[in-house]
Amino acid sequence: MKRITILGATGSIGTQTLDIVTQYPQKFQVVGLTAGRNINLFAQQIRQFQPEIVALQNADLIPELQTAIKGMQPQPQILAGADGIAAVAGYGDAEIVVTGIVGCAGLLPTIAAIRAGKNIALANKETLIAGGPVILPLLSEYGVKLLPADSEHSAIFQCLQGVPDGGLRKIILTASGGAFRDWPVEKMSQVTVADALKHPNWSMGQKITIDSATLMNKGLEVIEAHYLFDLAYDRIQIVIHPQSIIHSLIEVQDTSVLAQLGWPDMRLPLLYSLSWPERLATPWKSLDLVSVSSLTFREPDHQKYPCMNLAYAAGRVGGAMPAVLNAANEQAVSLFLAEKISFADIPRLIESACSGYESMNTKMPNLEQILTADRWARERVLASSQIPVPVLL
């Protein structure tokens, strides 16, 4: 029985992780849960999985949660705020913490979990992208394993099982192409929020769906792969693969290429991160290559997806620049979802933030410097979003 804590229990990652716990009650037990604002669902989860400790993002919602779980015995300890979420992350005898909190908000609770000696099932890519210079030394210091729980990095991790040290030559990250993979560049000026949220293959939260539409998600995954697998940026390639059947590939030193295939289902990488090094039998539908029929690939269009090059550039600069890129992207996506900026403004605002931060960048930032860079980038995007783009006559 593996005891687990889930950060972001009511989101897409959290609910799918709890589906796995439901399917394997003899394998997994929930110790702690955290959530944002979805009190009704959170209360249902608490009643079903009976965690020892829970936390809400907003302390004002505690009375509503207490009412929703009134009469439940035993009652869990209820905390709130950033400190409460961090306390849940490091609590008790949980062996592994699933980080399903969206964005850079997952950084501090992940650090708390590592310092408490918990292994990490990393579903929050922004934590490593923004905090890589801090996270990697902590993993070594506390002897903690970081197991990728998103589909692409899980695929790479799975392909690397049995590959000797020094055997990895290249990573090939596959991308669906998002909502606009079949749109001509000329049509991109007409993009609406509703358009960008129509992902053709995956069911995900709003932020990651927009990142998929800009292909920033793939740029962020390049930076994450660099930190996870210690590979230079010129050895990490992005390829558009519309079917989302091959989740990523590796090339080893003799030019053999290994791939991990499966239906687009986030439960598979989540299950592997929880069960590793075991392989648990599932009742899920097997991949049928005959029904898939064909697998296709093409180069990403850099004119349509400028965010990719911004991510590579930030990664190569290093230091706190990936944190600036990530924070600027989060803020820009939030503004786009609120319909305060256009789709084309997203890369414009990110590039402005990265350019503005260049003279302030620190090559070996500590945690406070990363958090400061994050705040600076958000403020820069908010300020820049109020400046109209000049019209060229």
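**Figure 1. Glu152, a buried residue in a predicted model.** Glu152 is buried here, since its relative accessible area is 11%, and the cut-off for buried is under 20%. The structure shown is a predicted model. Look for Glu152 in helix H7, which covers residues 151-160. Setting aside residues up to four places away in sequence, Glu152 touches Leu173, Thr174, Lys218, Glu221, His247 and Ser248.

**Figure 2. The residues annotated as "binding site".** In the unreviewed UniProt entry, the annotation "binding site" takes in Lys125, Ser151, Glu152, Ser176, His199, Ser212, Asn217, Lys218 and Glu221. Of these, Ser151 is included in the lining of the largest cavity.

**Figure 3. Asn217 and its contacts.** Asn217 sits in helix H10, residues 216-229. With a relative accessible area of 8%, Asn217 is buried. Leave out its neighbours within four places in sequence, and Asn217 is in contact with Lys125, Ile208, Asp211 and Ser212.

**Figure 4. Helices H5 and H16, packed together.** Here H5 (residues 107-115) packs with H16 (residues 367-384) at an angle of about 165°, and their axes are 12 Å apart. Angles over 145 degrees count as roughly antiparallel, so that is how H5 and H16 run relative to each other. Their crossing is right-handed. Where do the two helices meet? On the H5 side look for Leu107, Leu108 and Ile111, which meet Leu367, Ile370 and Leu371 of H16.

Methods:
Residues are numbered from 1 along each chain as its sequence is written. This is a predicted model: local features need pLDDT of at least 70, side-chain atom pairs count only at pLDDT 80 or more; totals for chains, interfaces and linings use all residues. Side-chain values use heavy atoms; hydrogens and water are left out. UniProt positions are given in the numbering used here, feature names are shortened, and annotations may be inferred rather than shown by experiment. On a 1 Å grid over the protein atoms alone, a cavity is a set of points where a 1.4 Å probe fits but cannot get out, and a pocket is an open set with protein on both sides within 12 Å along at least five of seven lines; lining residues have an atom within 4 Å of a point. Helices (H or I, at least four residues) and strands (E, at least two) are DSSP runs, numbered from the N terminus. Buried means under 20% relative accessible area, exposed over 50%, partly exposed in between (1.4 Å probe, protein chains only). Contact means heavy atoms within 4.5 Å. Axes are lines fitted to C-alpha atoms, for helices over the stretch in contact, and angles run from 0 to 180 degrees between N-to-C directions. Angles under 35 degrees count as roughly parallel, over 145 as roughly antiparallel, 65 to 115 as roughly perpendicular and the rest as oblique. A crossing is left-handed if the near helix is turned anticlockwise from the far one by less than a right angle, and right-handed if clockwise.
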